[in-house]
Amino acid sequence: MFFPVAEVSIAVWYLVGIGFAVGVCGGFWGMGGGWITTPALYALGIPMNIAVGTGLAQMVGQSVVATIWHSRFGNVSFRVAAIMIPGTILGVEIGARIMEHLKAAGQAHVDEVISILYVILLSALAIYIVLESVQSQRSLRRERQLMAQDGAKPPAQSADVPDHVSFDLARRLQYLRIPPMVSCPLLRVESISFWVVFVAAALTGILAGLLGVGGGFLRVPMLVYLIGCPTHVAVGTDLFAIIISGSYGSFTHALKGNVDLMIALVMLLGALFGAQIGSFATRYVQGVQLRALFGAALMAATASLIFKSFLNMPQLAAVLIIGMAALMAAIIIGLLIRGVIRSTSPS
């Protein structure tokens, strides 16, 4: 099928499949999936600015569906989201204007700058999350061993287990007493400065407008590591924020000619169904498992960009990003099926 705005021909099944995989991952990790969508579209030869705007447009619909389910599970903090949204919108506009300045320097310059930023951010975040999740898993195993030695029953492998974070930076930031202060029982945060949340949201908003992501691949770790939010609540809260920031981001990019609406709608056909599956799967995994899978996916996305942008191997980049999305979607679906079976089987 030929898409006139992007000026490329792409098989419909490919776009629907990518949309489904992105929807599963987005509902599971609490993000729109632009960090998968944008590299996947760019690997097919779509200009980076159109891949950015189109990625923002398609993530809005899937985030609405995922947010509805996470809200039913009690995983959405509307209080924190209300602080994040204005900061994110401000950042998105700044990011979109930076994109316009880059476009004035030429398309090649846009592709180069955005690709470098992507690689730096994705790789740094992936390394941090993987190291932290490995350390957290080790700590949890030690706790189970100690409990077993004492004759106590080890905790179950489910989302009901209290979240465990080894690299805890949130406590230090909560010591910043810059008024006004905000409390949120759902996030298990007694008191944190309004400005810590607002500034963090603004920074992720800039990246959302510039890189074509909802900001979730940064905002979820920010909520977990900087605000002290349980992973499952960070997932649901971020999805709600993405609805607002993604809508504004796609609108401002559409005005600038950066959105291929037909591509976004075709991808949305698969994303709406996938988002429901990913949201349900979070009921059967621990926070540390969510983060470990997320870190592994970020590594694959980083490698895909390196192959495409710096090694001139677009076919391998496309295979890698598609394969990663498909593999992660399969793993998440497997976790859902296993969890449902365990929950319905006699104890």
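A crossing of two helices is left-handed if the near helix is turned anticlockwise from the far one by less than a right angle, and right-handed if clockwise. The model is predicted, with local features needing pLDDT of at least 70 and side-chain atom pairs counting only at pLDDT 80 or more, while totals for chains, interfaces and linings use all residues. Residues are numbered from 1 along each chain as its sequence is written, and side-chain values use heavy atoms, without hydrogens and water.

Q: Which hand does the crossing of α3 and α9 have?
A: The crossing of α3 and α9 is left-handed.

Q: Why are α3 and α9 called roughly antiparallel?
A: Helix α3 (residues 48-72) and helix α9 (residues 231-255) pack at about 150°, with axes 8 Å apart. Angles over 145 degrees count as roughly antiparallel, under 35 as roughly parallel, 65 to 115 as roughly perpendicular and the rest as oblique. The two helices are therefore roughly antiparallel.

Q: What makes the pair of phenylalanine 20 and phenylalanine 273 stacked?
A: Rings of Phe, Tyr and Trp (its six-membered ring) pair if their centres lie within 6.5 Å; planes under 30 degrees apart count as stacked, over 60 as edge-to-face and the rest as tilted. Here the centres are 5.9 Å apart and the planes 25° apart, so the pair is stacked. Phenylalanine 20 lies in helix α1 (residues 12-29) and phenylalanine 273 in helix α10, 253 residues apart.

Q: Where is confidence lowest and where highest?
A: By pLDDT (the predictor's confidence in each residue, from 0 to 100), helix α6 (residues 170-173) is lowest, at a mean of 71, and helix α10 (residues 261-281) highest, at 90.

Note on methods: Axes are lines fitted to C-alpha atoms, for helices over the stretch in contact, and angles run from 0 to 180 degrees between N-to-C directions. Helices (H or I, at least four residues) and strands (E, at least two) are DSSP runs, numbered from the N terminus.
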